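Q: Could you walk me through how to read a structure like this one, feature by feature?
A: Gladly; let us look at it together.

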Amino acid sequence: MDREAWLQARRTGIGGSDAGIVCGLHPFVAPIELYWDKVGEAPLEREDNERMQMGRALEDAIANVYAERFSVKLRRHSAMRRHPKYSWMIANPDRLIEGARIGVEIKNVDSLVFRFGAWGPAGSDEVPEPYFLQALHYAVVFDYPEWHIGALVGGNRLMRYIIRRDAEVESMLIDAEREFWERVQRREPPEIDYTRPGTIAILRHLYPGTNGETVALDPSMMDWHNVRVEADEQVKAYQAVGDGARAHILYGLGPAAIGCLPNGGEYRRRLVHRKGYEVAPIDYIDFRYVKPKGHDDE
């Protein structure tokens with residue numbers, strides 16, 4: 001199937017890469033974003049960027065090395081698999097091992113991400129949580145006892161990780177996916193984590209324009225307004241303190257290029273010439289607070 005048909009098919013259930021999102025363990029995608037994608041209100045930006053293109057290009061090579069290294073024969077599974085009991089659980093895995101009830105997920109991992117990420121020693125199940133849940137999801141759908149992850153690290157080192165079925169974790173995953181899918185069917189979005197980085201960007205994506213209407217906000221919004229005003233004032237106060245300190249340092253530096261501190265650190269000044277440029281036209285939503293006439297901001 002082509003890419004658009006594949007994306008439409010993904011909206012008929014919860015896939016392996018969705019499992020970590022549903023459980024709130026994905027570092028970049030919130031459950032509310034996945035919900036909007038599944039109901040068709042705001043599709044996830046699954047851009048086909050260069051990193052993804054390179055990952056697909058390397059998938060066959062990684063799979064071939066994996067098969068040779070571990071003396072197995074891998075085959076593709078081109079059709080979407082759906083769990084016979086939990087109909088919302090769907091799977092499009094990378095590879096299956098012929099003659100064994102084991103699947104393999106192929107990952108291309110940057111060496112820096114590997115070094116400072118959640119990857120453990122080869123042969124363990126210590127992988128980033130979204131990958132762990134993806135492999136477990138596939139194992140449940142196929143009813144396989146384990147699922148492997150073949151990770152090419154830094155372009156020159158193949159690591160194998162083994163995710164085995166665990167009844168307790170499996171039950172928690174199924175319950176989380178069931179609750180999420182029932183929300184999708186009821187058109188009842190999950191709660192928004194307002195403290196999550198990127199939430200404002202999510203809301204701007206969901207509401208890219210205006211309908212021209214005026215609405216009365218819930219009285220509780222007055223409390224949040226006061227919180228915002230107080231927080232903004234604190235930011236301004238700290239910014240003023242920081243600007244004052246910067247002014248002191250610039251005055252001490254005078255016309256010099258480098259000013260050395262007693263601790264060995266230094267401040268540097270240099271003239272930078274930036275060419276003028278024309279900003280391309282863009283549409284965006286201007287969001288600001290307007291004070292009541294004749295009242296102080298409170």
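Q: What share of the chain is buried, and what does the word stand for?
A: Buried means under 20% relative accessible area, exposed means over 50%, and partly exposed lies in between, with a 1.4 Å probe and protein chains only. Here, buried residues make up 34% of the 298 residues in the chain. Keep in mind that this is a predicted model, in which local features need pLDDT of at least 70, side-chain atom pairs count only at pLDDT 80 or more, and totals for chains, interfaces and linings use all residues. Residues are numbered from 1 along each chain as its sequence is written, and side-chain values use heavy atoms, with hydrogens and water left out.

Q: How many helices and strands are there in the chain?
A: Helices (H or I, at least four residues) and strands (E, at least two) are DSSP runs, numbered from the N terminus. This chain has nine helices and nine strands. Its radius of gyration is 26 Å, well over the 19 Å that the globule rule gives for 298 residues, so the chain is more spread out than a compact globule. That radius is taken over C-alpha atoms, and the rule is 2.2 Å times the number of residues to the power 0.38. Along the principal axes, the C-alpha atoms fill a box of roughly 75 × 55 × 40 Å.

Q: What part of the contacts joins residues 24 or more positions apart?
A: A contact means heavy atoms within 4.5 Å. Among contacts with a separation of 6 or more, 64% are between residues 24 or more positions apart.

Q: Is helix α3 largely enclosed or open?
A: Seven of the eight residues of α3 are buried, so the helix is largely enclosed by the rest of the structure. The buried ones are I32, E33, L34, Y35, W36, D37 and K38. Take E33, in helix α3 (residues 31–38): its relative accessible area is 17%, so E33 counts as buried. Setting aside neighbours within four places in sequence, E33 touches F28, A42, L44 and I202.

Q: Where is Y207, and is Y207 buried or exposed?
A: Y207 sits in the loop between α8 (199–206) and α9 (220–253). With a relative accessible area of 55%, Y207 is exposed. The C-alpha atoms of Y207 and A42 are 9.3 Å apart, although 165 residues separate the two along the chain.

Q: Which residues have a positive phi although they are not glycine?
A: Most residues other than glycine have a negative phi. D143 has a positive phi of about 55 degrees without being a glycine, and R187 likewise has a positive phi of about 55 degrees. D143 is in the loop between α6 (129–142) and β6 (146–153), and is partly exposed at 46% relative accessible area. R187 is in the loop between α7 (167–186) and α8. Just after α3, G40 takes a positive phi of about 80 degrees.

Q: How many disulfides does the count come to?
A: A disulfide is a pair of cysteine sulfur atoms within 2.5 Å. By this rule, the count is zero. As for individual cysteines, C23 is partly exposed at 30% relative accessibility, while C260 is exposed, with a relative accessible area of 64%.

Q: Where is G99, and is G99 buried or exposed?
A: G99 is in the loop between β4 (95–97) and β5 (102–109), and is exposed, with a relative accessible area of 91%. The C-alpha atoms of G99 and R164 are separated by 18 Å, with the two residues 65 apart along the chain.
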